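Here is a short report for a reader new to this structure. Take a look at the model first, then read on.

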Amino acid sequence: MPAPAATGWSVVLAALVLAASWLAFTPLPPAEVDTGWDKANHALAFAVLALCARRAFPAAGLAPLAAAGLAFGGFIEVVQLGVPGRFAEWSDLTGDAIGLLIGFALDALAARLRRR
């Protein structure tokens, strides 16, 4: 049985995946959630997703979580091929990957600081 904290993070992660999906699949997302640069939007979203994924699945290795994150990013791009007003750009996966690395690094830093 997962620890209660991990279960809570799983709920947060699921909510964030739903929110990211809605933002990615809606033809005109709200301007209030735009950083002003598409790649920064991707990096920020995937950093938060990575951090939550590490907390939700603490026993999972980085490789499976990174693969799942990149698969989600690829899924977004494929779906956007059919969304009016949205563009599928495979370069967005670079922003996703950078975000995943940032999220994993922040989680590792937080774990290191907790051990002190």
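## Surface and model

The protein chain exposes about 7100 Å². Carbon and sulfur atoms supply 74% of that area. Accessible areas come from the Shrake-Rupley method with a 1.4 Å probe, and for residues only the protein chains shown count as cover.

The model is predicted: local features need pLDDT of at least 70, side-chain atom pairs count only at pLDDT 80 or more, and totals for chains, interfaces and linings use all residues. Residues are numbered from 1 along each chain as its sequence is written, and side-chain values use heavy atoms, with hydrogens and water left out.

## Fold and dimensions

The protein chain has 4 helices and 0 strands. From the N terminus on, the order is α-α-α-α. Helices (H or I, at least four residues) and strands (E, at least two) are DSSP runs, numbered from the N terminus.

The C-alpha trace spans about 50 × 25 × 25 Å along its principal axes. Of the 116 residues, 30% count as buried. Buried means under 20% relative accessible area, exposed over 50%, and partly exposed in between (1.4 Å probe, protein chains only).

Contacts (heavy atoms within 4.5 Å) also reach along the chain. Among those between residues at least 6 apart in sequence, 72% join residues at least 24 apart.

## Charges

The protein chain carries 8 positive and 8 negative charges. Their mean positions are 19 Å apart. Lys and Arg count as positive, Asp and Glu as negative; His and the chain ends are not counted. Each charge is placed at NZ of Lys, CZ of Arg, CG of Asp or CD of Glu.

## Salt bridges

The whole structure holds 5 salt bridges. Such a bridge is a side-chain nitrogen of Lys or Arg within 4 Å of a carboxyl oxygen of Asp or Glu.

Aspartate 38 pairs with lysine 39, the closest N and O atoms being 3.3 Å apart. Aspartate 38 counts as partly exposed because its relative accessibility is 31%. Lysine 39 also bridges to aspartate 92, with closest N and O atoms 2.6 Å apart. This second pair links helix α2 (residues 38-56) to helix α4 (residues 92-115), across 53 residues. Both lysine 39 and aspartate 92 are buried.

Aspartate 107 forms a salt bridge with arginine 55, at 2.7 Å between the closest N and O atoms. Aspartate 107 is buried, at 8% relative accessible area. Arginine 55 is partly exposed, at 21%. Shared partners join Asp38, Lys39, Glu89 and Asp92 into one salt-bridge network.
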